[in-house]
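Let's take a walk through this structure together. Have a look at it first, and then we'll go piece by piece.

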Amino acid sequence: MADGGPVEHGFPHLETVREAVTALYRRLSYDVVRTFSTSLAPADVAFCDTDDLHLGAQRVAREILRHFRLPDARLIVGFREMTHAANVELAAGPEYFVELNDRFRAHRRDIGAALAHEVAHVYLHRLGLAFATTAENEILTDTVTTYLGAGWLLLDAYREDAVSSQKLGYLTPEEFGYVLAKRSVLFHEDPSVWFTSPQAYTAYVRGRDRARLDERQPPLTAAGWAGRRRYAHDRRHVSGVQAAVPYAFTSDGAGLRVSFPCPTCHQRIRVPVRGRVRARCGLCRTVLECDT
């Protein structure tokens, strides 16, 4: 939690974010991901200063548990002084103890954001989905929270001006925007209408612009002129260095093939090099128009 301190910007965790989206599809399947087509509604997690602190926190926790399809789980929410925004004790369940930073006593509108991240921890714990390190797991948790419709709260909790700042979660604001943009394309949502923070909207736009670049990489037909020219050069010189591009060529008995990441789930797709090709991702079922 950045509370008055510097806020990291840009896309330093982008590769781990993409790996998290791929891992989510592999663990849940396309059909289960589609059941999260409706995001958590602002009214469901609204928290005003006149609400009872503990009863309000429990109500918001129940709504987030319902969103994550965890009807048998129960969150016991408490408050204490701590460095991080929140912490959850991952036991066997069905009760999970969550501690929130004491600062949320005076910043109640952000309680939903903190709880969304902790409930996602519970969800991933039950799925048995985890990465190798603690840092990667936190990025996985933020990514899953956002991709499944609750992470817009974390981005909306980001506020920054000349004298103060606040950010929850481990992704940068722009990375939250990137994942939100991926979700918005999938489910035809416009999360920007839920933002109360102008800085959150700016970060979402930057993330959305970065996400759109994924849809314009060769060999996709939507690639721009410069990308298509570079691709044609690399195709003629397959043995050359291709470290700076997302695609890779291989040759086997069937001829030349190119592999590239799916712009939706980032699983690599491999197709023959033979001009116009329509490819269908086997993981997220996205149909891609390619010019190989």
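Buried means under 20% relative accessible area, exposed over 50%, and partly exposed in between, using a 1.4 Å probe and protein chains only. Helices are DSSP runs of H or I with at least four residues, numbered from the N terminus. What you're looking at is a predicted model, where local features need pLDDT of at least 70, side-chain atom pairs count only at pLDDT 80 or more, and totals for chains, interfaces and linings use all residues. Residues are numbered from 1 along each chain as its sequence is written, and side-chain values use heavy atoms, with hydrogens and water left out.

Start with helix H4: 15 of its 17 residues are buried, so H4 is mostly covered.

Now, how do H4 (residues 111–127) and H5 (residues 134–147) cross? Their axes, lines fitted to C-alpha atoms over the stretch in contact, come within 9 Å and cross at roughly 105°. That makes H4 roughly perpendicular to H5, a label for angles of 65 to 115 degrees on a scale that runs from 0 to 180 between N-to-C directions. Contact means heavy atoms within 4.5 Å; here H4 brings residues including Ala116 and Leu124, while H5 brings, among them, Leu140 and Val144.

Finally, find serine 39 in the loop between helix H2 (30–34) and helix H3 (53–67). Serine 39 counts as buried because its relative accessibility is 10%. Leaving aside neighbours within four places in sequence, serine 39 is in contact with His67, Gly149, Trp152, Arg183, Glu189 and Trp194.

Key. Helices (H or I, at least four residues) and strands (E, at least two) are DSSP runs, numbered from the N terminus. Angles under 35 degrees count as roughly parallel, over 145 as roughly antiparallel, 65 to 115 as roughly perpendicular and the rest as oblique.
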